Amino acid sequence: MNIKNKSKIEFKNLLVTGGCGFIGSNFIRYLINNKNYSGKIINVDCLTYAGNPENLADIAADYSSRYIFQKVNICDLKKLEKIFSKYDIDAVCHFAAESHVDRSIKAPGNFIQTNIIGTFNLLEVSKARGDEFRLFHHVSTDEVYGSLGAKGFFRENTPYRPNSPYSASKAASDHLVRAYCKTFSLPVTISNCSNNYGPYQFPEKLIPLIILNALEGKPLPVYGDGKNVRDWLYVEDHCEAIWRIMTTGDKGETYNIGGNAEMENILIVQMICDILDEIKPAGNGRPRRNLIAFVKDRPGHDRRYAIDFSKLKKELNWSPKESFDSGLRKTINWYLHHKKWIKNIKNGTYLKWIKEQYG
Ligand code: NAD
Ligand code: TYD
């Protein structure tokens with residue numbers, strides 16, 4: 001198999017894992033509307049608390065010949081084998097994961113199962129496709145590189161130093177993907193990106209949690225001194241970058257994806273308060289900054305993440321389109337206009353609906 005291949009590649013039957021989650025559902029939406037892709041999308045998702053088929057209800061209704069949903073756990077090798085052969089899968093874009101650092105501190109077991117064993121299963125079934133198989137794209141995180149001080153950036157050759165059970169499990173999965181490429185010539189690409197934000201993000205992560213708490217007049221929890229820094233990537237920019245890597249990236253390569261938007265957590269929380277005060281003032285007329293509550297720090301809390309994505313920019317001509325200010329305003333507006341989605345998540349209606357639909 002030719003590992004170095006820069007010509008644009010095409011896929012017929014792309015299996016997307018974790019397509020009912022935040023980034024996966026945005027990616028499927030991006031791809032189904034992309035004129036340069038006319039193949040099928042097979043979405044494999046076991047619908048954990050973070051998986052919500054409502055995210056793609058319109059796509060499922062409008063594109064039933066091109067979009068297929070399969071409620072399957074990636075830890076179930078036998079079911080994966082059946083799906084790969086039934087749908088003649090020639091490429092994978094792998095999002096499915098347990099993704100929240102705080103949950104990985106409380107209960108790491110599922111992170112080991114899904115992120116490591118699940119990835120291993122997908123690599124095995126992909127390998128079994130032989131020369132028919134075109135690409136395994138693995139979606140990973142900058143958190144595998146550990147934590148930075150005040151200066152410096154993560155580059156593709158930065159040594160791995162994961163600090164949380166979440167990042168350690170993602171690091172293990174990255175190594176497995178790389179090893180399947182080196183040892184078995186499986187055609188792979190890997191991307192490590194910074195913190196995503198945008199529509200459909202489950203409100204346990206910082207930005208949607210703060211937006212929803214601020215709207216409800218609840219305390220806005222800021223861990224530690226609030227000066228931890230993350231780089232923020234608007235989810236649509238991320239989807240475009242993944243597709244660019246999948247179609248034109250070099251096999252066996254890793255690409256960092258960043259949003260050009262380093263921010264201290266406290267500044268983000270203040271920005272959300274100020275934007276909401278401007279467009280939807282609180283009923284009691286008080287500034288929402290009054291709701292900010294500094295709380296106990298997260299154990300092992302990484303201080304700073306920052307991404308150097310010059311490789312992706314130089315080699316594949318990708319840069320983020322959204323500024324943090326414009327992306328944050330779009331995100332806040334999305335949550336303001338999707339009250340039913342929020343209500344369903346909060347009162348568990350969608351979990352009941354999943355039970356009725358899929359047993
Ligand atoms: P998410 O938690 O919103 O969604 C995860 C999806 O995977 C859900 O739909 C869930 O049902 C599904 N899933 C979980 N376990 C599964 C299993 N065993 N079998 C089948 N499906 C399963 O996550 P996200 O934020 O969309 O992240 C997607 C990917 O991007 C993850 O691999 C994550 O590590 C990576 N990533 C996320 C961010 C971020 O800021 N959100 C940043 C960098 C990398
Ligand atoms: P999070 O959205 O959980 O993403 P990650 O841990 O993967 O970076 O958290 C982003 C930052 O915000 C991180 O430094 C932890 C902090 N944080 C808070 O201060 N309060 C919160 O309630 C949450 C969820 C996160």
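Ser185 is partly exposed, with a relative accessible area of 26%; the scale here calls a residue buried under 20%, exposed over 50% and partly exposed in between, using a 1.4 Å probe and protein chains only. Ser185 sits in the loop between α6 and β6 (188-193), where helices (H or I, at least four residues) and strands (E, at least two) are DSSP runs numbered from the N terminus. Its phi is near 60°, a positive value in a residue other than glycine. This is a predicted model, so to speak of local features takes a pLDDT of at least 70 and side-chain atom pairs count only at pLDDT 80 or more, while totals for chains, interfaces and linings use all residues. Residues are numbered from 1 along each chain as its sequence is written, chains are lettered from A and ligands numbered from 1 in the order in which they are written, and side-chain values use heavy atoms, with hydrogens and water left out.

Leu47 also has a positive phi, about 60°, although it is not a glycine. Leu47 belongs to the loop between β2 (40-44) and α2 (57-62) and is buried, at 9% relative accessible area.

Now for the ligand. Ligand 1 is surrounded by 28 residues, each with a heavy atom within 4 Å of it; Ile23, Asp45, Ser99, Tyr166 and Lys170 are the closest. An N or O atom in the Lys170 side chain lies 2.6 Å from a ligand oxygen, and the backbone of Phe22 puts an N or O atom 3.1 Å from an oxygen atom of ligand 1. At Ile74, a backbone N or O atom is 3.0 Å from a ligand nitrogen. The protein covers 97% of the 830 Å² of accessible area that ligand 1 has on its own (Shrake-Rupley method, 1.4 Å probe). Elements giving two or more residues to this shell are α1 (22-32), β5 (135-141), α6 (165-184) and β7 (195-197), with the largest share, 3 residues, coming from β5.

Then there is Glu204, in the loop between β7 and α7 (206-216). Glu204 is buried, with a relative accessible area of 13%. Its side chain makes a polar contact with that of Tyr49 at 2.8 Å; such a contact is a pair of N or O atoms within 3.5 Å, one able to donate a hydrogen and the other to accept it within protein, and residues adjacent in sequence count only if both atoms are side-chain atoms. Beyond its neighbours within four places in sequence, Glu204 is in contact (heavy atoms within 4.5 Å) with Tyr49, His100, Arg103 and Leu209. Just after α7, Gly217 takes a positive phi of about 70°.
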